[in-house]
Structure formats: C-alpha cells, structure tokens
Amino acid sequence: MSEEIKTPATNTAAPAAAAKTERPARPYMAKKRFESRRKVCKVCAEKIDNVDYKNFQFVKSFTMESGKILSRRITGTCAKHQRQITKAVKRDRNLAILPYSLPKK
Ligand SMILES: [Zn+2]
C-alpha cells in the first residue's frame, strides 16, 4: 500500500490588505436624515421658577388638544418642572379651566 503524503498547500502569501477591499460609502447613509436638536425645558428657558396654575395659557401649552398632558419626552421639560406642570394641569382641571378630556374629532 502506497501512502500518499499530502503536502500542505504552499502558502501563497496573499497580502491581507488586498482581501480587505474598501467599500464605497453607502449613498443612502451619506446624508443624515434627522438633525437631532437639543430639547430645552420651556420653563427653564423663560426663567419661571414655579409653574403657576393661574397662568393657564402657559400650562395649556403642555397639554394635547384632547386634554392629555404631554410627556417630558415630547416637550423636553426637566423633571422638576414636569412635576410642577402636572400639578398645575390637575389643579386647572379641577377648577374647570382646562378640560379633563375632549372628544376626538
Ligand atoms: Zn425646567
């Protein structure tokens, strides 16, 4: 029996750099779709230290048309002022200045 001794394939020293061909930048990724804008707390910006329920025009701006309170995620208010806004909205609702809810049109 003749045994064939397999010789390892000669290592053709292929340059590693050649294998990594640089891909062209994807055209649809080239442009940013959204420009992320920094949200600023509206209460802090106007330098109001306490949200007053009597200033209902301002408080109303943090509610949806249906009467729901807008989240911090949407308006960008800080935690401290969001707490004050919710309190003010709930007070205004109790005083019938702001609605608890309005029907969807
Ligand atoms: Zn704030």
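1. Of the 105 residues in the protein, 10% are buried. A residue is called buried if 20 or more other C-beta atoms lie within 10 Å of its own, exposed if 12 or fewer do, and partly exposed in between, with C-beta atoms placed from the backbone. This is a predicted model, in which local features need pLDDT of at least 70 and side-chain atom pairs count only at pLDDT 80 or more, while totals for chains, interfaces and linings use all residues. Residues are numbered from 1 along each chain as its sequence is written.

2. Confidence. The mean pLDDT (the predictor's confidence in each residue, from 0 to 100) of the protein is 82, and 70% of the residues reach 70 or more. Among the elements, helix H1 (residues 16–19) has the lowest mean, 54, and H6 the highest, 96.

3. Secondary structure. The protein has six helices and zero strands, which gives the pattern α-α-α-α-α-α along the sequence. Helices (H or I, at least four residues) and strands (E, at least two) are DSSP runs, numbered from the N terminus. Among contacts between residues at least 6 apart in sequence, 71% join residues at least 24 apart; two residues are in contact if their C-beta atoms, placed from the backbone, lie within 7 Å.

4. Core. The largest nonpolar core has eight residues: Val-43, Val-51, Tyr-53, Val-59, Phe-62, Ile-85, Ala-88 and Val-89. Helix H6 (residues 79–94) gives the most to this core, three residues. Such a core is a set of buried Ala, Val, Leu, Ile, Met, Phe, Trp, Tyr and Cys residues joined through C-beta atoms within 7 Å. Beyond its neighbours within four places in sequence, Tyr-53 is in contact with Val-59, Ala-88, Arg-91 and Asp-92.

5. Helix H6, length and faces. The 16 residues of H6 should span 22 Å at 1.5 Å a residue, and the end C-alpha atoms are 23 Å apart, which agrees. The expected span is 1.5 Å times one less than the number of residues. Which residues of H6 are buried? They are His-81, Gln-82, Ile-85, Ala-88 and Val-89. Seen down the axis of H6, these buried residues fall within an arc of 125 degrees, so they line one face of the helix; the arc is that of the directions from the helix axis to the C-beta atoms. An α-helix has 3.6 residues a turn, so residues three or four places apart point the same way. The face of H6 turned away from the buried side carries the exposed residues Ala-79 and Asn-94.

6. Arg-93. This residue lies in helix H6. Arg-93 counts as partly exposed because it has 17 C-beta neighbours inside 10 Å. The C-alpha atoms of Arg-93 and Tyr-53 are separated by 9.8 Å, although the two residues are 40 apart along the chain. Not counting residues up to four places away in sequence, Arg-93 touches Leu-98 and Tyr-100.

7. The loop between H3 and H4. Asp-52 lies in this loop, and counts as exposed because it has 12 C-beta neighbours inside 10 Å. With 6 C-beta neighbours inside 10 Å, Lys-47 counts as exposed.

8. Positive phi. Where does phi take a positive value in a residue other than glycine? One such place is Lys-47, with phi near 55 degrees. Another is Ala-96, which has a positive phi of about 60 degrees although it is not a glycine. Ala-96 sits in the segment after H6, and counts as exposed, with 8 C-beta neighbours inside 10 Å.

9. Gly-76. The loop between H5 and H6 holds Gly-76. Gly-76 is partly exposed, with 17 other C-beta atoms within 10 Å. Gly-76 and Arg-38 are 38 residues apart along the chain, and their C-alpha atoms are separated by 8.7 Å. Leaving out residues up to four places away in sequence, Gly-76 touches Lys-39, Val-40 and Cys-41.
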